[in-house]
Amino acid sequence: MPFADQAIKRLTFEIHHSRSMGCSVLKIIHGYGSSGTGGKIRTASRKYLARLKSGGEIQDFIPGEAFSIFEEATRRAFVRCDDLRRDRDLDRYNNGVTFIVL
């Protein structure tokens, strides 16, 4: 179990690596915290992704609880990666995952 700052370093590496491999969407599993109220890694990751998005380094990110066919961001992500339509977390409102649109 990494600390939040270690998880962010790994996330940074994975984003760069995935982009260099030609991936268009990356799914991260960060969990939701042992208390069920949101762990530090989840919170830090999403705050970091918001900074990357505002800086234009990623196109978007979709929290698992918003990964639904009824959400515009999800439908835009489908255009980039059609395989997302078959992801097991679609419409499951899983707050332990986040999708990153590169």
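Trainee: In what order do the 3 strands of the open sheet stand?
Mentor: Keep in mind that this is a predicted model. The pairing of the strands is antiparallel. Reading across the open sheet, the order is β1-β3-β2.

Trainee: Which strands stand at the edges of the sheet?
Mentor: Look for a strand with a single partner. One side of such a strand is left without a neighbour in the sheet. The edge strands are therefore β1 and β2.

Trainee: What does the twist average from one strand to the next?
Mentor: Step across the sheet in the order β1-β3-β2. From one strand to the next, the average twist is 20 degrees.

Trainee: Which residue in β3 is the bridge partner of Phe61?
Mentor: β2 and β3 pair in the antiparallel sense, over 4 bridges. Now find Phe61 and look to β3 for its bridge partner. That partner is Ile100.

Trainee: How far does helix α2 reach from its first C-alpha to its last?
Mentor: Helix α2 covers residues 40-54, which is 15 residues. At 1.5 Å a residue, 21 Å is expected. The model comes close to that, with a reach of 21 Å.

Trainee: At about what angle does α2 run to β2?
Mentor: α2 lies across β1, β2 and β3. α3 also packs on the sheet, touching β2 and β3, and its direction makes about 120 degrees with that of β2. For α2, the angle to β2 is about 155 degrees.

Trainee: Is the aromatic pair of Phe67 and Phe99 stacked or edge-to-face?
Mentor: The structure holds 1 aromatic pair. Its centres lie 3.9 Å apart, with 25 degrees between the planes. Planes under 30 degrees apart count as stacked. So by that cut-off, the pair is stacked.

Trainee: How many residues apart are Phe67 and Phe99?
Mentor: Both residues are buried. Phe67 sits in the loop between β2 and α3, while Phe99 is in strand β3. The pair links distant parts of the chain, 32 residues apart.

Methods. Residues are numbered from 1 along each chain as its sequence is written. This is a predicted model: local features need pLDDT of at least 70, side-chain atom pairs count only at pLDDT 80 or more; totals for chains, interfaces and linings use all residues. Side-chain values use heavy atoms; hydrogens and water are left out. Rings of Phe, Tyr and Trp (its six-membered ring) pair if their centres lie within 6.5 Å; planes under 30 degrees apart count as stacked, over 60 as edge-to-face and the rest as tilted. Helices (H or I, at least four residues) and strands (E, at least two) are DSSP runs, numbered from the N terminus. Buried means under 20% relative accessible area, exposed over 50%, partly exposed in between (1.4 Å probe, protein chains only). The expected span of a helix is 1.5 Å times one less than its number of residues. Two strands pair if DSSP finds at least two bridges between them. Axes are lines fitted to C-alpha atoms, for helices over the stretch in contact, and angles run from 0 to 180 degrees between N-to-C directions. Contact means heavy atoms within 4.5 Å.
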